[in-house]
Every structure is written in C-alpha cells, then in structure tokens.
Amino acid sequence: MSENMQELVDTLHFGEKVERAEKLLKEYFDKYGDQAVVANSLGKDSMVVWDMAVRIRPNVRGFIVTTPFKPKETKEYMNRLVAKYPSLKVYEADRPLEKIYETDVDKCCDIYKVEPVKQAVREMDVKAWITGLRCTEGRTRTDYKEVEHRDKDLVKVNPILLFKEREIWQYMAVYGVEANSLYRIGYRSLGCTPCTAITASDDERDGRWAGTSKCGGECGIHTRPLKEDAVAS
Ligand code: SF4
C-alpha cells in the first residue's frame, strides 16, 4: 500500500471517510447518471456502498452475480434485497451445474463469476462500476486506488477503499443496514459454500479458498479486464 493511502486509512476518522465516499459517489453519479452502476456481492462492504448509493440516488442501478454454490442464507438475503430494490439485477451463469471447483477453482470462478460480471457490464451498458473494495481487507487488495482505469470505456470506483473492517460495522450499526446472517456465526468474508471457511486468522480474507494456493485471493473480477480491448491500469 502506498504511504499516502496508509496515512489516509489511519488518520481520517469515520465521519470523514463517509463524507469522502459520498462525495466520490455523487461525482460519478453526476458524471455518468444511470451508467454508474453498483456491483453488489451481498457482503458487508458491498452493503455499505449500496446503502450510501441508495441514499444519494434512490433509483440507482446495481447487479448481483450469484452462483449455484452460494449458501442458502446468502440466497435468502439476496431475495429479500432484490424484492426491496427492483433496480438490482441478478446475473448467473447459464450452464448446467458442474463442480468444477473440485479440480480447478480458477476455471470455476471464471465461469460462474467473471463471465456473468462481464455480461452485466455489457447488458447494463455500464460506464462506471462501483465496488466495495477495501485496501485493508487482505494481501491482494493493498494496491487499489479509489478510481481506476483498467478497462477501456469502463472506470472502476471504490468509494470505501479507506474503510477499516471496524468502520464497516460502525456504518452498518449507525445507518441500520441489515447484514447477512452468516456473519453471526463467525464468517468475515463471504463467498460460495465450498470455498469459504470460518477462520481465526487475522487476515479478513483467509477463509476464502482456504487450503488452496488461491487462499485469501481473488475470484478474478477485480484482477481481470471486464471488457474487450482492455487497457492496463
Ligand atoms: S468461489 Fe468456489 S464455487 Fe464459487 S465460483 Fe469460485 S471456485 Fe466456484
């Protein structure tokens, strides 16, 4: 993480981080209108961004990518959320269920996560995708910026990049955001059932793909270009 970023994480207080995130969201809603779309993974971080976005722009559009391997608690939570916010669209790979994760987790994530995200970006004509990435979440997330240009004609906006885990829970308590019930039993980062474990590790994402070389890693939506003709960030 750059020194500047670490300093901001450590010195800005909760209220300043919320204000900064809201300012960034407003800026991109003003710039792109309906083409600024929130990617909602149904985790605590996404829910904070979603709540901020809805407060600023009540009819904001969003998308959720689900897989056949998501826990039933996450599916129930998703169904309640989509019923409440019809502007949230659900995407899922259109193919028969295969347990590809048993032999190749990268290929499985590619098919069931990355491809549906690409489809969402294409079909919803997204120009700015807004995420819940945080730079203190794990070893793979330290080098992101609040605004990134990784794809041609697609800007990525990370409004809560500077939030610590504690400040996410602070936001949810203060603004009354319902959390996925799986957090109650000890999960700290949520994914598909076969690839997510409860751990006592200090690293928030260590329960993801635990026991594989991908442990604490990424499914690919934040590390791969989402559009054809991609450019490097
Ligand atoms: S998290 Fe696991 S089950 Fe889900 S898409 Fe990736 S490899 Fe497949």
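**Figure 1. K164 in the predicted model.** K164 counts as partly exposed because its relative accessibility is 26%, where buried means under 20% relative accessible area, exposed over 50% and partly exposed in between (1.4 Å probe, protein chains only). K164 lies in the loop between β6 (154-157) and α6 (165-175); helices (H or I, at least four residues) and strands (E, at least two) are DSSP runs numbered from the N terminus. A separation of 18 Å lies between the C-alpha atoms of K164 and I130, which are 34 residues apart along the chain. This is a predicted model, in which local features need pLDDT of at least 70 and side-chain atom pairs count only at pLDDT 80 or more, while totals for chains, interfaces and linings use all residues. Residues are numbered from 1 along each chain as its sequence is written, and side-chain values use heavy atoms, with hydrogens and water left out.

**Figure 2. Strand β2 and its parallel partners.** Strand β2 (residues 62-65) is covered on both faces, with G62 and I64 buried on one side and F63 and V65 buried on the other. In a regular strand the side chains alternate between the two faces of the sheet. Strand β1 (residues 36-39) runs parallel to β2 and is joined to it by 2 bridges; two strands pair if DSSP finds at least two bridges between them. V38 stands opposite G62 in β2. Strand β3 (residues 88-91) is also parallel to β2, through 4 bridges, and F63 faces K89 in β3.

**Figure 3. Crossovers about β2.** A right-handed β-α-β unit is formed by β1, helix α3 (residues 44-56) and β2. From β2 the chain passes through helix α4 (residues 72-84) to β3 in a β-α-β crossover that is right-handed, meaning that, with the strands pointing away from the viewer, the path from the first strand over the helix to the second runs clockwise.

Figure 4. L42 is not a glycine, yet has a positive phi of about 75°. L42 lies in the loop between β1 and α3 and is buried, with a relative accessible area of 4%. D125, likewise not a glycine, has a positive phi of about 55°. The loop between α5 (105-123) and β4 (128-130) holds D125, which counts as partly exposed at 39% relative accessibility.

**Figure 5. Residues around the ligand.** The surrounding residues, each with a heavy atom within 4 Å of the ligand, are F69, Y101, V105, C108, C109, Y112, K113, C192, C195 and W209.
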